[in-house]
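Trainee: Could you walk me through a few local features of a protein model? I'd like to learn how to read each one.

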Amino acid sequence: MDTGGQYCHLIARKVRELGVSSEVFPSESPIDALRHAKGIIISGGPSSVYDHSSPTMDPAVLSAGIPTLGICYGQQLITQLLGGDVRKGDKGEFGLAFLDLHTTGSRLFAGLADHQKIWMSHRDLVAVPPTGFRVLASTTTCATAAIEDEARRLYGVQFHPEVVHTTEGVRILENFLFGICDCVKDWNPANRVALIEDQIRERAGERSVFFFVSGGVDSTVAFLLCLEALGSERVCGVYVDTGLMRQGETDFVEETFAGLGHDVVTIERAEEEFLGPLEGVHEPELKRHIIGEQFVKVQERIMAARGLADGTWILGQGTIYPDTIESGGSARDQSKTATIKTHHNRVPGIQKLIEQGLIIEPLADFYKDEVREIGREMGLSSALLDRHPFPGPGLAIRCLCSAEEHPVTRFSEGWLVPVHSVGVQGDSRSYAPVLAIDTFPSAAARLQDEATELVNRSVGVNRVMACVASREPIGRQKVFASYITHGRLELLRRADGIVREMSRESGFDKNVWQFPVILIPLGAGESRDSVVLRPIGSVDGMTADSVTMPDGLLHAMAGRILEIPEVAGVYYDLTHKPPGTIEWE
Ligand code: XMP
C-alpha cells in the first residue's frame, strides 16, 4: 500500500523478485479491494502521521486477519490507528544504522543474527507501541526499530528492508512472505505480459487507444502491448518528427513499425512548428518550455483532427515508474510525494486526462530494466530494447547557444570557454562556463576525478573538458553568437551519427549507459562550432561517471568528425554528475 514513499514500488518489485505476485494499491483503498491479498505491506512515506491530511488507511484492514507489515511510515500508521503514540524523535536517523534484536522466536527475524546492518531514514518514531505489541529490536537512536503483535498478525519495522543497504533485508521479506503469509513461489516473470494485457483490456473497456510514440524503449513496448491486447483496429500511433531528432531516427521508427500494417503508426512532420519558435532563443529553460508547449499544441491538433476527443478513445503513454516518482507521486496518488522535476508525461494537460480516466499507462509500475525484460519476453529485438535513453526535448538541449560573441580567456589550469551549460551542485542547478584544458587526452582521461576537484576549486566553472583535436589552439578561438538553426542541427546530427556508428561498430556502446554528443559555438574563422563527446556510465541517470574511452577509438572518432569543415575542434567531457549534469542543455 502506497503512502507516497519513493521506495513503494521497490518493495513491490522485491516481492515479485522473490517469486510472489504483488500489486501496488493506494493506502486508502477500502478493505473490500484487498480481501484477495495473502499479505499486505504498507510503504514508507515523507509525511508525518499526526499531520492533517497525511496518508492514512482503512482501519478495517488491520482487523481483517491478513498479515500486515508496516515499513517506516507504515509502522507509524499502524501504531497511530491502534492507539499507540508516534512522535518526532530528538534527532533524525538517516542512512546506515545497526539493529539489535532483543527477542528470540519472532518469525519476522527467524534465522537472523542479533546484530546487523540496516538502513534508516526517519525523524518520527513510535514512542509507545499499541497495546498487544512487543518491541523486537532497537538502534541507538530508535528504541522501537521493530514491533509485532503475533495474535493480530501485525508487524512493523522502522528501517527499510527493501533497500540493498539493509544487509538481511531480503531475508526479512522472505520471512514475512513465506513464514508469516504462507505465500508460495509461483510468480513467474514470464506471466507478466499476459497479466499486463489483461489489465489493458480491462482499463480500455470498449474504447480504443491512441499513442504518441517516440521510437524509445518505453513508448514502443507500451504501444506494442496495447496492440497485442486490443488488436490493430483499436490502437493507433503517431510519431511526431520535431526536427530535433537524431540522424536516421524517423527511418528507424518507420522500419520498426512497418510490419504492423497500414497506418497503425503514422509520421507527422512538424519541424517548423518547433524550430520557428526556437529562433533567437539561447536560454536552456526557455528552450525546454517552448518545446513542451509546442508538443502540447501539436498533440491537440492531431487529436482534434482525428476526432479523438469523442469519448471512444483514450491516450496511451509509455510512462515508467521513475517518471512518476520524479514528478511527485505514484500514478495513482499524485499529491503526497515531493516533486523533483516534472516529467513531460505529467504536465497539467495530461494530469487532467488522468483525473478523467482517459489515460492508459501499462508500464507505470515498472523500472527500465523490467521494461526491457518485458520487451524480450514479447520477442522484441535487442536493437530496439537496448537503445540508450534519449531526452524528450531532443537535440535542442545538445545544441548550445550563446546570445553574444565572447573571447576565450586564460583561467587557472586551462582556458575559460564562456559557453554556459547546466550543472548540479548540492541540491541546486548551476549555469556556468566550461574550463577547457589542452592536455593530451590520454593523460586527460586520468583527470576525471581531478576534474571534480577542479570544478570545486574554480569558482564559476561547472565542467572540465579536454581538447582531443582542434584546427587552432584554444586561445585563438572564440565563442560565436549562435542559436538553434537548421544548419547547426544538421552539423550536430552528422557528428552524432559518426559517434553512434563508430561506438556501435567498436562495441564501445555496450560500455556506456548513454553517449550524448554536444555542439558548442566555439571556433575560429569559418569553423564556428566544436563537438563535445560525453560518454557516461550510470544506473539510473541520477548520478553518472565520465567514462574513459580507448585512445584509438577517441582519436579515430575525432579525426572523422574533423573531416566536417564547419567543425573547429573535438573535446571530451571529463566531468562526473555531480558536479556536471549529463546533458549540457
Ligand atoms: P541530466 O542532464 O539531468 O539528465 O543529468 C539525466 C537523464 O535524463 C535524461 N533527460 C530527459 N529524459 N525527458 C526525458 O525523457 C527530458 O526532458 C529529459 N531531460 C533529460 C538525460 O538524457 C539523462 O539520461
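Trainee: Where does proline 579 sit?

Mentor: Proline 579 is in the segment after β24; strands (E, at least two residues) and helices (H or I, at least four) are DSSP runs numbered from the N terminus. This is a predicted model, in which local features need pLDDT of at least 70 and side-chain atom pairs count only at pLDDT 80 or more, while totals for chains, interfaces and linings use all residues. Residues are numbered from 1 along each chain as its sequence is written, and side-chain values use heavy atoms, with hydrogens and water left out.

Trainee: Which kind of peptide bond runs from proline 578 to proline 579?

Mentor: Most peptide bonds are trans, and most residues other than glycine have a negative phi. Here, the bond from proline 578 to proline 579 is cis, with omega near 10°. Lysine 577 and proline 578 are also joined by a cis peptide bond, with omega about -15°.

Trainee: And what is the phi of glutamate 585?

Mentor: Glutamate 585 has a positive phi, near 75°, although this residue is not a glycine. Glutamate 585 also lies in the segment after β24. Its relative accessible area is 10%, so glutamate 585 is buried (buried means under 20%, exposed over 50%, partly exposed in between, with a 1.4 Å probe and protein chains only). Aspartate 182, another non-glycine, has a positive phi of about 60° and sits in the loop between α3 (169-180) and α4 (192-204).

Trainee: How many aromatic pairs does the structure hold?

Mentor: Rings of Phe, Tyr and Trp (its six-membered ring) pair if their centres lie within 6.5 Å; planes under 30 degrees apart count as stacked, over 60 as edge-to-face and the rest as tilted. The structure holds nine such pairs. One of them is phenylalanine 274 with phenylalanine 295, edge-to-face at 5.2 Å centre to centre and 70° between the planes. Phenylalanine 274 belongs to helix α7 and phenylalanine 295 to helix α8, so this pair ties together parts 21 residues apart in sequence. Phenylalanine 274 is buried at 0% relative accessible area, whereas phenylalanine 295 is partly exposed at 25%.

Trainee: Which residues form one aromatic cluster?

Mentor: Phe211, Phe223 and Phe257 do.

Trainee: What sits over the ring of phenylalanine 252?

Mentor: A charge sits over a ring if NZ of Lys or CZ of Arg is within 6 Å of the ring centre and within 35 degrees of the ring normal. For phenylalanine 252 it is the charged end of arginine 387, 3.8 Å from the ring centre. Likewise, arginine 410 has its charged end over the ring of tryptophan 415, 4.4 Å from the centre.
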